[in-house]
Amino acid sequence: MGELKLMKGNEAVAEAAIRAGADGYFGYPITPQSEVIEYLMAEKPYERTGMVVLQAESEIAAINMVYGAAGTGKKAMTSSSSPGISLKMEGISYLAGTELPCVILNVVRGGPGLGTIQPSQADYFQATKGGGHGDYRMIVLAPASVQEMSDFVKLGFELAFKYRNPLMILSDGVIGQMMEKVELFDPIPRWTDEEIKEMSPWATTGKTKKRERNILTSLDLDPSRQEKHNEKLVAKYKKISENEIRFEKINCEDIDYLFVAYGSSSRICQKAIQLAKEKGIKIGLLRPITLFPFPTKAIQDMLGNIKGILCVEMSAGQMVEDVRLAVEGKVPVEHYGRMGGIVHSPQEVLEALEQKIIGG
Amino acid sequence: MSENILKEIIQPENIVYQKTKMMTDKVLSYCPGCGHGTAHRIIMEVVDEMGIGEETIGIAPVGCSVLAYEFMNIDMQEAAHGRAPALATGIKRLWPDKFVFTYQGDGDLAAIGTAETIHACNRGENICIFFINNGIYGMTGGQMAPTTLPNMKSSTSPYGRDIATMGNPLKMTDIVATLPGTYFVSRHSVHTPRNVRRTKKAVRKAFENQRDKKGGVSFVEILSNCNSGWKMTPVQANEWMVENMFPFYPLGDMKIDGELVK
Ligand SMILES: Cc1ncc(C[n+]2csc(CCOP(=O)(O)OP(=O)(O)O)c2C)c(N)n1
Ligand code: SF4
């Protein structure tokens, strides 16, 4: 068993970055995720593993440092919260277009605009549908515990490098700030220069006589070649959709109704399931772990006897659109969620279920 | 001249000048007479002469030189508009023993990338920044740049840059020279052989500083014409540059070995 620690979600991410063998972290402070860079600065990872930690002058600079760093074939990472993630969108689009791997953490707070520093899940569209310009996708992982905050950093780098694609960990202010027990994974050594050259032959490692020069760019002024590049990206996203869907089913035997919820809302739904049981309502939970790719088929496979679905998100209703696309009108799908930084209670969720789905 | 005569003449023993192998064979996409090509060649000649081609990573900007990576025969990455110094920071921090440089126009470096430029300079990143200042946005068709001179015409200042409403030209090189994080700051041009030689010396010094880990940015501004954007012939453009740009942006070293030149 790995080392056990009581940690905040944000701290777990920072510790996991060091243990995952990350080479560089570039960030800019913003609530509710500043603990990531604070922990890293205090922990002196440059002494522990040689990892670089740098506070940039803005989120734009931070993501572009990641863009350059990712080009070297090394493991680069950044974190921020909603307003800062908006600024990173330009860089994310370039990372996606240039097919460079990196991990980006968004500890979501309420918006739009400066919004609130309290938790929210209102950046789902931005994370899963683009956010930046052009046809691209990030792989999006949604942790629901401090444990997953740690684990998904390691998994995140694995998937990002496997597909040469930026990956986002879409968390929220609850998961980032709360403290829980976490089992830390054993440290992975940082890659050596030789390993980097072998594993990432595309990287800017310096042109030797043995190979052509490596050019990392998202630009192609020839429309037919650019379209080929777009098609290649689309094929990659399809492959990711075929291979990397992750979800969890909780209490899904013999049920009449289903919650679909991710992140902290999924935990609230688990409590709501218990409250529902006491009232004789048979309901389970499907928790998407990957938001892109979305577990469309998993939802379709469950439809059989289900009479209705309630999507619970701290937003005006974003993921609910993907659930409706999966369900294709076969059963009622409704959304429930508080906004503005207010976290819904299990009781409120149960009431919404009774009003919108069971009574409706 | 017939093919055969050419073949006779083009022999190794007759070569007096040769393109550095650090430049690719790709035909330059720049307008005839534009300074970009000369600036590329100078930088690549220095990389060649110092024997650091295998250790050098360049960052191309967004601007006319967006395709610099097509011409420079080294590993390169294309930045988003203005972000090259941030990319260079990320690369250099992870590859501290490699040579990293940015190549940026004045719109890229002094408008949209002002923050990235100043903060990379202020952090004292051990990188080289090559800044090609032609006082205009060449690539997008000759719009006003932050460096456009007072009363100078451009497509977005068709009656001349009006200082009262459009602001003053920005002397970025003077600004970064005042920052403790720059080690070498110098302004040059490439319109005569003599100026080319001087520019090359400065570029060499910049790379040597990086090699010797002097600590700090080596920043070389190169004044250049944009004859297309200025709507002049190349010769007229160079004359105009000498007459109008040089008084406002005087050539010479501004900071050597971390000390401001008096
Ligand atoms: C974010 C963004 N904004 C605007 C542009 C359009 N654009 C391309 S190049 C350029 C200006 C380039 O001027 P400069 O840096 O002076 O280089 P030059 O072409 O003169 O060499 C602009 C505004 C862009 N590509 N990206
Ligand atoms: S438009 Fe201006 S800067 Fe661009 S290639 Fe032509 S002369 Fe050079």
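Trainee: Which element supplies the largest share of the shell around ligand 1?

Mentor: A residue belongs to such a shell if one of its heavy atoms lies within 4 Å of the molecule, and helices (H or I, at least four residues) and strands (E, at least two) are DSSP runs numbered from the N terminus. Here the largest share, four residues, comes from α5(B), while α5 (106-112) and β5 (136-137) of chain B each supply at least two residues. In all, 16 residues surround ligand 1, the closest being His36(B), Cys64(B), Gly107(B), Asp108(B) and Gly138(B).
The model is predicted, so local features need pLDDT of at least 70 and side-chain atom pairs count only at pLDDT 80 or more, whereas totals for chains, interfaces and linings use all residues. Residues are numbered from 1 along each chain as its sequence is written, chains are lettered from A and ligands numbered from 1 in the order in which they are written, and side-chain values use heavy atoms, with hydrogens and water left out.

Trainee: Which polar atoms of the protein lie 2.8 Å, 3.0 Å and 3.1 Å from an oxygen atom of ligand 1?

Mentor: A polar contact is a pair of N or O atoms within 3.5 Å; within protein, one must be able to donate a hydrogen and the other to accept it, and residues adjacent in sequence count only if both atoms are side-chain atoms. For ligand 1, a polar side-chain atom of His36(B) lies 2.8 Å from an oxygen atom of the ligand, a polar side-chain atom of Asp106(B) lies 3.0 Å from an oxygen atom, and a polar backbone atom of Ile136(B) is 3.1 Å from an oxygen atom. Taken alone, ligand 1 exposes 590 Å², of which the protein buries 76%; accessible areas come from the Shrake-Rupley method with a 1.4 Å probe, and for residues only the protein chains shown count as cover.

Trainee: Which residues lie around ligand 2?

Mentor: They are Tyr30(B), Cys31(B), Cys34(B), His36(B), Cys64(B), Asn134(B), Gly138(B), Cys226(B), Asn227(B) and Ser228(B). By class, where Ala, Val, Leu, Ile, Met, Phe, Trp, Tyr, Cys and Pro count as nonpolar, Asp, Glu, Lys and Arg as charged, and the others, Gly among them, as polar, this shell has five nonpolar, five polar and no charged residues. The shell around ligand 1 has six nonpolar, eight polar and two charged residues.

Trainee: Is Lys209(A) buried or exposed?

Mentor: Buried means under 20% relative accessible area, exposed over 50%, and partly exposed in between (1.4 Å probe, protein chains only). Lys209(A), at 76% relative accessibility, therefore counts as exposed, whereas Glu54(B), at 30%, counts as partly exposed.

Trainee: Where do the partners Lys200(B) and Glu45(B) lie?

Mentor: Their side chains meet in a salt bridge (3.0 Å, N to O). The pair links distant parts of the chain, with Lys200(B) in helix α9 (residues 193-211) and Glu45(B) in helix α2 of chain B, 155 residues apart.

How values were computed. Salt bridge = Lys/Arg side-chain N within 4 Å of Asp/Glu carboxyl O.
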